[in-house]
Amino acid sequence: MAQSIHETNVEQASPSPAAYFFTIVRLSIVFIILCGMIYPLASTALAQVLMPAQANGSLLKNSDGKVVGSALIGQKFSDQAWFQSRVSSIEYKAEASGSNNYGPSNPDMLQRTKDSIAQWKLDNPGIPASQLPVDLVTNSGSGLDPHITPAAALVQIPRISQLTGIPADTLQALVTKQTEGRDLGLFGEKRVNVLKLNLALSELTRGTL
């Protein structure tokens, strides 16, 4: 009899399914408010205070104060008087980040590379293709790389000097000034942000991007 009464009390003390349901609903509401509202708002506010430029897309402006692009995304410069970026198989569209991942023997990649080399010879008749840095004729993994190697910037100086009238040594100093070192002095390679370099060039040519 005592055992039967004990089992009855335990059954009566157990929460009902409805109680479980409302507990789950309350917890869901709490986590929605914390993770879906408070945390994003706090993170956004903190980013705007500590690193507003990065939080807003690392946008770059020309001398007129007009936004001309992002330091994080490459772009095409149609005028050969500017430093040229890497090849992009997606035309630098940020919403389509990626590449075709062609193998070295893929005929489409080989043809694209041949076309890039032919265009280089046309635009830079004084510089043989043997001196052409590979990053100027190859696509980056994302298709959005905003950087080129210092060598890829320096090899373009004769063309730009001829088109703008700026002395080659002045352009070389400009490239050196715009060259970024390895991250923390250890990671990655030295690189040049093409858009930043062209913005600096625009100050010398008194032109605008």
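In what order do the 3 strands of the open sheet lie, and is their pairing parallel or antiparallel?

Analyst: The model is a predicted one, and the description below should be read accordingly. The open sheet has 3 strands in the order S3-S5-S4, and their pairing is antiparallel. Strand S3, at 147-148, and strand S4, at 179-180, stand at the edges; each has a single partner strand, so one side of each is left without a neighbour in the sheet.

The pairing of S3 may be followed to individual residues. S3 pairs with strand S5, which covers residues 191-193, in the antiparallel sense over 2 bridges. Within this pairing, His147 stands opposite Asn193 in S5.

The sheet also has a helix across it. Helix H8, formed by residues 194-205, lies across S3, S4 and S5, and runs at about 60° to S5.

H8 leads in turn to helix H7. In general, two packed helices are described by the angle between their axes and the distance between the axes. H7 and H8 pack at an angle of about 140°, with their axes 10 Å apart. The two helices are therefore oblique to each other. H7 passes H8 in a right-handed crossing. On the H7 side, the contact is made by Thr170, Leu171, Leu174, Val175 and Gln178; on the H8 side, the residues are Lys196, Leu197, Ala200, Leu201 and Leu204. The residues of this contact of H7 with H8 divide into 7 nonpolar, 2 polar and 1 charged.

H7, which comprises residues 168-178, also meets helix H6, which comprises residues 157-164. The axes of H6 and H7 come within 9 Å and cross at roughly 125°, which makes H6 oblique to H7. The crossing of H6 and H7 is right-handed. H6 contributes Ile157, Ile160 and Ser161 to the contact, while H7 contributes Ala168, Leu171, Gln172 and Val175. The residues of the contact of H6 with H7 divide into 5 nonpolar, 2 polar and no charged.

Strand S1, residues 59-61, and strand S2, residues 67-70, run antiparallel and are joined by 3 bridges. Leu60 has Gly69 in S2 as its bridge partner. S1 and S2 form a hairpin with 5 residues between them, and Gly65 in the turn has a positive phi of about 85°.

In summary, the sheet has the order S3-S5-S4, H8 lies across its strands, H7 packs with H8, and H6 crosses H7.

Technical notes:
Residues are numbered from 1 along each chain as its sequence is written. This is a predicted model: local features need pLDDT of at least 70, side-chain atom pairs count only at pLDDT 80 or more; totals for chains, interfaces and linings use all residues. Side-chain values use heavy atoms; hydrogens and water are left out. Two strands pair if DSSP finds at least two bridges between them. Helices (H or I, at least four residues) and strands (E, at least two) are DSSP runs, numbered from the N terminus. Contact means heavy atoms within 4.5 Å. Axes are lines fitted to C-alpha atoms, for helices over the stretch in contact, and angles run from 0 to 180 degrees between N-to-C directions. Angles under 35 degrees count as roughly parallel, over 145 as roughly antiparallel, 65 to 115 as roughly perpendicular and the rest as oblique. A crossing is left-handed if the near helix is turned anticlockwise from the far one by less than a right angle, and right-handed if clockwise. Ala, Val, Leu, Ile, Met, Phe, Trp, Tyr, Cys and Pro count as nonpolar, Asp, Glu, Lys and Arg as charged, and the others, Gly among them, as polar.
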